[in-house]
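Colleague: I am new to this structure. Please show me how to read it.

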Amino acid sequence: MINALKDEINRGIQVAPRHRLIEEVADMLAQMTGFERVTFMTMGTEAVMTALRMARAYTNRNKVVVFTGSYHGHSDQTLVTNIRGEGTAELIAPEISYVVSKY
């Protein structure tokens with residue numbers, strides 16, 4: 001196993017959309033966890049966007065919780081704040097097109 005890691009490191013860092021071993025790793029993770037599907041993200045914002053999409057699809061709800069003081073990524077759907085402290089999420093900048101409602 002150590003030699004396999006050394007060999008991979010010696011190949012260098014790949015900057016590409018998909019690593020050549022991605023399917024094999026996904027299959028192994030699916031087998032280990034029992035999940036049917038596995039997905040990989042390149043950044044946290046992408047992971048949060050996907051998690052929100054999945055949660056909304058599963059629950060059929062549009063509202064989500066945003067934790068004060070936490071970073072939720074830089075997508076329009078998470079660029080909100082609770083400025084007035086009234087339980088109303090507000091956009092952090094006027095240029096954001098995402099509609100936010102009271103939670």
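Modeller: Start with exposure. Buried means under 20% relative accessible area, exposed means over 50%, and partly exposed lies in between, with a 1.4 Å probe and protein chains only. This is a predicted model: local features need pLDDT of at least 70, side-chain atom pairs count only at pLDDT 80 or more, and totals for chains, interfaces and linings use all residues. Residues are numbered from 1 along each chain as its sequence is written, and side-chain values use heavy atoms, leaving out hydrogens and water.

Colleague: Which exposed residues sit on the face of α3 turned away from its buried side?

Modeller: That face carries Met54, Ala57 and Tyr58. Helices are DSSP runs of H or I with at least four residues, strands are E runs of at least two, and both are numbered from the N terminus.

Colleague: Which residues of α3 are buried?

Modeller: Thr45, Thr50, Leu52 and Arg56 are. They lie on the same side of α3 because they cover an arc of only 155° around the axis. The arc is taken from the directions from the helix axis to the C-beta atoms.

Colleague: How many residues does α3 have, and what follows α3?

Modeller: Helix α3 has 16 residues, 44–59. The expected span is 1.5 Å times one less than the number of residues. From first C-alpha to last, α3 reaches 22 Å, close to the expected 22 Å. Asn60 follows, with a positive phi near 60°.

Colleague: What is the order of elements in the protein?

Modeller: From the N terminus, the order is α-α-α-β-β. That is three helices and two strands. Of the 103 residues of the protein, 16% count as buried.
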